[in-house]
Every structure is written in structure tokens, then in C-alpha cells.
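Dear colleague,

Please find the structure below, passed on to you for your records. My notes on what was found in it follow directly after.

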Amino acid sequence: MAGQGTGQGFFTPVSGFDLPRFAGIPTFMRLPHVGLDDPRLAEVQIGLIGAPWDGGTTNRPGPRHGPRQLRDLSTMIRAQNGATWVAPFALARCADLGDVAPNPGDLMDSLARMEAFYTRVVAAGVLPLTGGGDHLCSLPILRAVAKARPVGMVQFDSHTDLNDIYFGTSRYNHGTPFRRAVEEGLIDPKRYVLIGIRGTAYGREDWDFAAANGIRIIPIAEFHRRGVEDVMAEAREIVGQGPTYVTYDIDFVDPTFAPGTGTPEVGGPNSWQALEVVRGLRGLDIVGADLVEVSPPFDPSGGTAWLGISLMFELLCVMAERVGQRG
């Protein structure tokens, strides 16, 4: 079998030819588990991490259960991409680093715990690829990834998450993470593009903030009119060759294909387009990525999680290809 991770030894995923996919411990993509205190952490190049927390959810909770369902469905992932023929496990040493341990009773403590976890990951030289969790999880990850310098960002989403305050006092929830990230200097707004925004709105405050700071929003009507290839060419031009973070909210995809999410919006891309936009990231200097807002209570059968982990695999392929190019 080509691309089965030959040469990576310990970091080779368990093959479905050796152990049936319904058997064994369901780590991300059947990779070895390497904790932050494991001496082999120094060998890991890309770490898959679970962020089982949805304390920032403003309406329908459930993404705290996302990482577990994503791991379960990830046993279906094989070793080679059938569209791009990238074999990520042969290009980079990958491992499941486990879950961040949140504090379900304290939002601010959970943010601090996540930032501390990812700070250790980044300090070890590992590129984090996260399965969330709600979208507020991206803020502490960015605090760790962008500690030394601001990053560019590509955001696939149906909402901007650039709002300021909810309910009069809430500055930290899944509708505000990137407003905070821009304010904290974690994201370079001139290297920041949002793709797929749509749905009804409370007003234009978030769009006005984007315009005032030079953030590029590509709404869904423009996405459908121009097509994936043209839109992603612009996205690559905006972020350039500098360090870039990628955040992918599963609600970017039309709920026909991904119903298991907290805030679905109709009129989005289909599942094929959802995969294609990630392939359009090839060649970028991605320093971290996440896939968030998979909510198992709204799709217990796992169809949304299967799409979610397939998107994580596409992200992994893009990241691993870049690692392989660097040698």
C-alpha cells in the first residue's frame, strides 16, 4: 500500500489491514497517542488535539462532545488522499496529543488552560491541528500560536465571529473570538480573509469592524458566483507566504450536508466544495488549524463528524505537504 507512512515507524497509523476499523482505541486517525509529558513529543511535527469545550456557546450546546465523535469516525480515514495523492503520514510525524482539560464551570479558567496547553505544544515545535469544541476555542490557540508575531488567517464560516459584546457583558463567546484576536494583535487584519458568510444578522457592527480594519469578507453569494478556484486564489494572495492560521467552522457547509452544528445557515457549499476549499490552501505556511462546532447531539448518526474528520484530514494533508517540502 503506497503512502502507508513508510519510514515513520512509531508514527505510522494502525492499518485497517492489520486491525479492523471497528476495533482498537479510537485515537485521531489511528495515530499513536503522545502526551505532553511523553519524551517522544520532541519528535512530533503535527499534533492532533481535541478541545472538548463549548462554554462559549450562546444557544445550542453540544460541541464539547465533538472531539470524541470525530475520533470515532476517524477510524475510517486511510493513509493517502485519493484526490491529491498526498500521503501525510509519510511526509510528517503525526500523533494524537490527547485532549485539553477544560474547566466546565469557569470560562476564563478554561481559556487559560487551553492557552497553557497550546503554549507547550508550540514550544515543542509541534504544529497543532485541533478538533473542537465551539469557536471560542480558537482564541486561546491563537494566543499560543501568535505569541511571537501576528499571523494571517483564513476562516471558513457562515458567521464572522467578529462581534463585540453579547448580552451586555459577554466579551468571550463563540461569536466574538476574532474581534478579541484582532484587538490583541494576534491576527494581522490585512492578512485575514473570511469565506462563506451568510444568514440573517443582528446588524452590521461586525462588517463595519472588518471594513475599518482591512479584513476581507467573501460572502456566500460571491463565493457561489466566482467558484472555489477563483476565491481560493484570492485567499492565498491575501495571506501571502507569511505564517497563517486556518480555522474551519463546520457550519460553513450547508446543513443539508452538515446538520450537526449549533448555528446552521442555509445556502452554503456542498460537501465536495467543502473539501475543495481546503485543497486550495496548498503551499501556504500554515502554523496551525482547527475544525470546530461539530455537535453530536444534533447528528447522532455521525454524518457531520465524518465530514468534519474528512476536512481535518484534508488540512493535515496540506500541513504535512508543507512540512515535507521543508525536509
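In this predicted model, the largest nonpolar core holds 57 residues, and those touching the most other members are Met-29, Ile-46, Phe-156, Ile-195, Tyr-248 and Leu-281. The biggest contribution to this core comes from helix H10, residues 303–326, which supplies 13 residues. A separate core of 43 residues lies apart from it, with Met-114, Cys-137, Tyr-172 and Ile-197 among its members.

Not counting residues up to four places away in sequence, Met-29 touches Pro-13, Leu-48, Ser-74, Ile-77, Phe-89, Ile-309, Met-312, Phe-313 and Leu-316.

The whole structure was searched for aromatic pairs, and nine were found. In one of them, the ring centres of Phe-89 and Phe-313 are 6.4 Å apart and the ring planes stand at 45°, so this pair is tilted. The pair joins distant parts of the chain, since Phe-89 belongs to helix H2 (residues 88–91) and Phe-313 to helix H10, 224 residues apart. Phe-89 is buried, at a relative accessible area of 1%, and Phe-313 is buried as well, at 6%. Elsewhere, one aromatic cluster is made up of Phe-156, Phe-223, Tyr-248 and Phe-252. Of these, Phe-156 and Tyr-248 were named above among the residues that touch the most other members of the largest core.

Helix H10 also contains Glu-314. Is Glu-314 buried or exposed? Its relative accessibility is 6%, and Glu-314 therefore counts as buried. Leaving aside neighbours within four places in sequence, the contacts of Glu-314 are Asn-81, Leu-275, Val-278 and Arg-279.

Next, the cysteines. How many disulfides does a search of the whole structure find? The search finds zero. Cys-94 is in no disulfide, and the nearest cysteine sulfur belongs to Cys-317, 9.3 Å away.

Helix H8 was examined along its length and around its axis. H8 covers residues 228–239, 12 residues in total, and reaches 17 Å from its first C-alpha to its last, close to the expected 16 Å. Its buried residues are Val-228, Val-231, Met-232, Glu-234, Ala-235, Ile-238 and Val-239. Viewed down the axis of H8, these buried residues fall within an arc of 155°, so they line one face of the helix. Glu-229 and Glu-237, on the other side of H8, are exposed. The cover over the buried residues of H8 includes the strands E4 (151–156), E5 (187–197), E6 (216–219) and E7 (243–249), together with the helices H7 (220–226) and H9 (271–279). After H8 comes Gly-240, which has a positive phi, near 65°.

Helix H6 (residues 205–213) can be described in a similar manner. Which residues of H6 are buried? They are Asp-206, Phe-209 and Ala-210. These residues cover an arc of only 100° around the axis, and they therefore lie on the same side of H6. On the other side of H6, Ala-211 and Ala-212 are exposed. The buried residues of H6 pack against H5 and E6. Just after H6, Gly-214 has a positive phi of about 80°.

Finally, a loop position. Leu-186 is located in the loop between helix H5 (177–183) and strand E5. Leu-186 counts as buried, because its relative accessibility is 7% and the limit for burial is under 20%. Apart from neighbours within four places in sequence, Leu-186 is in contact with Leu-139, Leu-142, Arg-143, Ala-146, Pro-150, Val-151 and Ala-181. From C-alpha to C-alpha, Leu-186 and Val-34 are 28 Å apart in space, and 152 residues separate them in sequence.

With kind regards

Key. Residues numbered from 1 in each chain as written. Predicted model: local features only at pLDDT ≥ 70, side-chain atom pairs only at ≥ 80, totals over all residues. Heavy atoms only, no water. Helix = DSSP H or I, 4+ residues; strand = E, 2+ residues; numbered from the N terminus. Expected span 1.5 Å × (residues − 1). Buried < 20%, exposed > 50% of the residue type's maximum accessible area, 1.4 Å probe, protein only. Arc of directions from axis to C-beta. Contact = heavy atoms within 4.5 Å. Core = buried A, V, L, I, M, F, W, Y, C linked by side-chain atoms within 4.5 Å. Disulfide = S-S within 2.5 Å. Phe/Tyr/Trp six-rings, centres within 6.5 Å; stacked < 30°, edge-to-face > 60°.
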